[in-house]
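Okay, thanks everyone, let's get going. I'd like to walk you through one model, starting with its aromatic rings and then moving on to the cores and strands.

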Amino acid sequence: MSFTYVSAPVPVLTSATPNSGPAAGGTTVTLTGTGLAATTAVRFGATPATSFTVVSDTHVTAVAPAGTGTVQITVTTPGGTSNGLSYTYSGAPNLSGISPNQGSTSGGNTVTLTGTNLSGATSVLFGATPATSFTVVSPTQITAVAPAATAGPVDVTVVTPGGTSTLPNAYFYVSPPVLLGVAPLSGPLAGGNTVTLTGTHLIEATAVRFGATAATSFTVVSDTQITAVVPAGAAGPVQVTVTTVGGTSNPVSYTYLAAPIVTTLVPNQGPASGGSTVTLTGSNFAQTTMVLFGAVPTGFTVVSDTHLVADVLAGVAGPVAITVTSPGGTSAPTTYTRVAPPGI
């Protein structure tokens with residue numbers, strides 16, 4: 001009887017996909033190479049694969065056994081044992097924190113995830129939505145850009161070759177603030193007056209601005225109301241906005257007003273019995289709220305921003321100060337003289 005010896009080629013491995021997986025094993029790895037058709041064993045280090053399937057002479061699939069660290073995958077055939085390819089067992093990830101833990105429903109802000117075994121992360125999820133992008137900074141840190149979502153809390157999940165870790169309700173989506181109004185609508189150039197802002201989603205306010213200038217101070221009264229102390233500003237309208245972690249609100253208009261200035265008073269004297277009118281000429285009269293004869297308010301008519309007609313009140317003979325008040329302040333006093341009737 002004669003025997004024929006056939007020379008079998010030594011198998012050669014060129015790639016393993018994926019090249020990492022959880023320490024518990026169970027990952028199906030596709031091995032690519034040559035001379036694999038007669039494979040009799042696949043090993044991860046010294047441990048046989050849980051199972052393997054010869055697909056062709058160039059492909060074998062194998063189920064990774066449990067293991068730790070980095071091991072060499074080898075294939076054995078009648079021709080010998082192949083070269084080794086590295087396969088890394090990854091520990092299960094463990095998320096421990098997220099900062100900041102809230103942001104706008106529009107997304108786009110960057111958050112930092114901390115934990116352990118985060119290397120090789122393949123996915124970061126906010127609820128069921130993937131992060132817009134993410135970067136593995138180190139085995140203990142990932143930065144991720146939050147996607148858009150509806151208001152409310154969501155779980156944050158990291159997926160790595162070693163497994164999945166979830167922080168329940170760890171990130172809160174906040175609706176952007178909406179302003180409906182400001183009262184009063186105007187005030188003095190020096191600021192210092194308090195205004196009330198009304199709207200929705202104001203509870204998380206971090207800033208109130210009059211134009212580009214921050215409010216001197218502000219107090220969040222409720223989710224629908226903020227009181228703010230107006231800073232100094234130049235004459236004219238500015239846009240008031242509120243900023244929260246949810247974003248910056250729509251603007252509402254507030255007007256800085258210069259105080260009234262009285263330049264002339266015609267006539268500047270009259271009978272102590274009153275009953276007549278005087279015409280005041282000057283500037284910044286348009287928003288006049290009060291005209292005083294001494295300490296007593298009198299009736300008035302705003303003709304224009306530069307002209308005002310006021311009723312003369314009866315009083316004791318002698319000089320009396322007339323002042324004009326608006327949201328911009330009070331004018332310097334102008335003297336009107338009440339004249340006693342002639343004696344008989």
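So, there are 7 aromatic pairs in this structure, where rings of Phe, Tyr and Trp (its six-membered ring) pair if their centres lie within 6.5 Å, and planes under 30 degrees apart are stacked, over 60 edge-to-face, the rest tilted. One of them is Tyr-171 with Tyr-173, edge-to-face at 5.0 Å centre to centre and 80 degrees between the planes.

Quick caveats before I go on. This is a predicted model, with local features needing pLDDT of at least 70 and side-chain atom pairs counted only at pLDDT 80 or more, while totals for chains, interfaces and linings use all residues. Residues are numbered from 1 along each chain as its sequence is written, and side-chain values use heavy atoms, with hydrogens and water left out.

Back to that pair: are the two tyrosines buried or exposed? Tyr-171 is buried at 1% relative accessibility, and Tyr-173 is buried at 0%. Buried here means under 20% relative accessible area, exposed over 50%, and partly exposed in between, with a 1.4 Å probe and protein chains only.

Another edge-to-face pair is Phe-210 with Tyr-254, at 5.5 Å centre to centre and 85 degrees between the planes. Phe-210 sits in strand E23 and Tyr-254 in strand E29, so this pair ties together parts that are 44 residues apart in sequence. Strands, by the way, are DSSP runs of E, at least two residues, numbered from the N terminus.

Now the cores. By nonpolar core I mean buried Ala, Val, Leu, Ile, Met, Phe, Trp, Tyr and Cys residues joined through side-chain atoms within 4.5 Å. The largest has 19 residues, and Tyr-171 turns up again among those with the most contacts inside it, along with Leu-113 and Phe-126. Strands E11, E13, E14, E17, E18 and E19 each supply at least two residues, with E19 giving the most, 4 residues. Skipping neighbours within four places in sequence, Leu-113 is in contact (heavy atoms within 4.5 Å) with residues including Ile-98, Val-124 and Val-156. A second, separate core of 18 residues includes Leu-179 and Val-252.

Last stop, strand E33. E33 runs antiparallel to E37, joined by 4 bridges, and pairing takes at least two DSSP bridges. Met-290 stands opposite Thr-325 there. E33 also pairs antiparallel with E34 over 3 bridges. In that hairpin, with 2 residues between the strands, Gly-294 takes a positive phi near 70 degrees.
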